[in-house]
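Please look at the sequence and the structure before reading on.

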Amino acid sequence: MTDFLVKHFVKDYTEIERVSVRTAYGVLASGIGILCNMLLFVVKWTVGYYLHSISVMADAFNNLSDAGSSVIGLVGVKMAGKPADRDHPFGHGRIEYIAALIVAFLVMEVGFTFLKDAVEKIRRPEELKFQAVSVVILVLSVGVKLWLSFFNRKLGRRIDSKVMMATAADAMGDVITTTATIASLLFFRITGLNIDGIVGLGVSLVVMWAGIGIAKDTLKPLIGKAVEPEEYERITNFVEGYEGVLGSHDLIVHNYGPGRSMASIHAEVPNDVEIEVSHEVIDKIEREALRQLGVLLVIHMDPVETRDLRVIQVRGQVEQILNALDPAVSIHDFRMVSGEEKVNLIFDMEVPFEYDEKKQEELKVTIGKLLQITDHRYRCHISTERSYIGSAKE
């Protein structure tokens, strides 16, 4: 069903890197959400009105608020799809994250409301009335919401949409809530015991926790998160795959919305190659990165010694020492300036985030002492920095 809708309502649906295609996906998901929730609202309100069922009518208005969430998602993806302008040269893609954050707060608000109602029902239990028609309507609601959750989650993963994932979590929260209501009604029908308040308390906590999870995932790209290891490998392998590039480091990726990234990286080039030649290679990589990866890449060239065996040997000694001390530490931009009385070893050292300033200084001193055992003239000039790569996914 999902693929059928995508193929018939999203033009060029396979080209998910294009902003217009992503927007079409968002419009489809939001439109389906509004349609389903409005349908549930009309059916539940009608049945609840004729049966004089407060619970069914209340659930109907909950679906009406869910339709409002879909409207927020629709507005969010439409605004996120606006092209770049003078004031926003990187586009408006982050608006999608803001829309997802609003949906997250709506989910938490619903959970908090259920929590208050559940506590009140535990303190003052209400008389339950089992109505088969109400249960049928609630089962219908579970089926629609379950499909809606899977639908949004599938599309959200396909185009990496936070607002769709938030909507999917919202729908799944409704599935859990309504299923718990059905279970409590059936339990009452069989045993005569009213556990509505206790079940509602557990459900409310689950819903609020889901809302908090959505908010955390949405805030990460808004605040600025480290580049994912997979993205790091994709970009560095692309850059290092060109002839004339010996290595790379210091990759930083700035996210301006799904499918909108700007990155900078240092590319190591041989120091014995004409600068114009290396510059031409770098220009080509930048152009191809935008075309093939969809990343606006800015590359800084770092010359690397490739012929002086003495420099290469000393760098190897430094790397060997670091590997023994901590394999997580690495170096780059290594230079050696030789004199009669001292030899300056100048390089940058990348350390894990766990290293505080004291530990960094201790490591510098240790490296200097170990190198001086090899040659008392060695003097280390080390600049430390931390990695911009995130933790691997579990």
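Helix 4 (residues 95-123) and helix 7 (residues 196-223) have axes that come within 7 Å and cross at roughly 160°. Helix 4 is therefore roughly antiparallel to helix 7 (angles under 35 degrees count as roughly parallel, over 145 as roughly antiparallel, 65 to 115 as roughly perpendicular and the rest as oblique). The crossing of helix 4 with helix 7 is left-handed, a term used if the near helix is turned anticlockwise from the far one by less than a right angle, with right-handed used if clockwise. In the contact of helix 4 with helix 7 there are 24 nonpolar, 6 polar and 2 charged residues. Here Ala, Val, Leu, Ile, Met, Phe, Trp, Tyr, Cys and Pro count as nonpolar, Asp, Glu, Lys and Arg as charged, and the others, Gly among them, as polar.

The model is predicted, so local features need pLDDT of at least 70 and side-chain atom pairs count only at pLDDT 80 or more, while totals for chains, interfaces and linings use all residues. Residues are numbered from 1 along each chain as its sequence is written, and side-chain values use heavy atoms, with hydrogens and water left out. Helices (H or I, at least four residues) and strands (E, at least two) are DSSP runs, numbered from the N terminus. Axes are lines fitted to C-alpha atoms, for helices over the stretch in contact, and angles run from 0 to 180 degrees between N-to-C directions.

A99 is buried, with a relative accessible area of 5% (buried means under 20%, exposed over 50%, partly exposed in between, with a 1.4 Å probe and protein chains only). Leaving aside residues up to four places away in sequence, A99 touches I72, G76 and V163, where contact means heavy atoms within 4.5 Å. A99 and G76 are 23 residues apart in sequence, and their C-alpha atoms are 5.2 Å apart in space.

Two strands pair if DSSP finds at least two bridges between them. Strand 4 and strand 5 run antiparallel and are joined by 7 bridges. Within this pair, H332 has D348 in strand 5 as its bridge partner.

| Element | Residues |
|---|---|
| Strand 5 | 343-351 |

How do helix 10 and helix 11 pack, and at what angle? Their angle is about 130° and their axes are 11 Å apart, which means that helix 10 is oblique to helix 11. Helix 10 passes helix 11 in a right-handed crossing. The residues in contact include I321 and L325 of helix 10 and L363 and L370 of helix 11. By class, this contact of helix 10 with helix 11 has 8 nonpolar, 3 polar and no charged residues.

Two backbone angles remain. D160 is not a glycine, yet has a positive phi of about 55°; D160 sits in the loop between helix 5 (132-159) and helix 6 (162-191). D250, also not a glycine, has a positive phi of about 55° and lies in strand 1 (residues 247-255). D250 is buried, with a relative accessible area of 14%.
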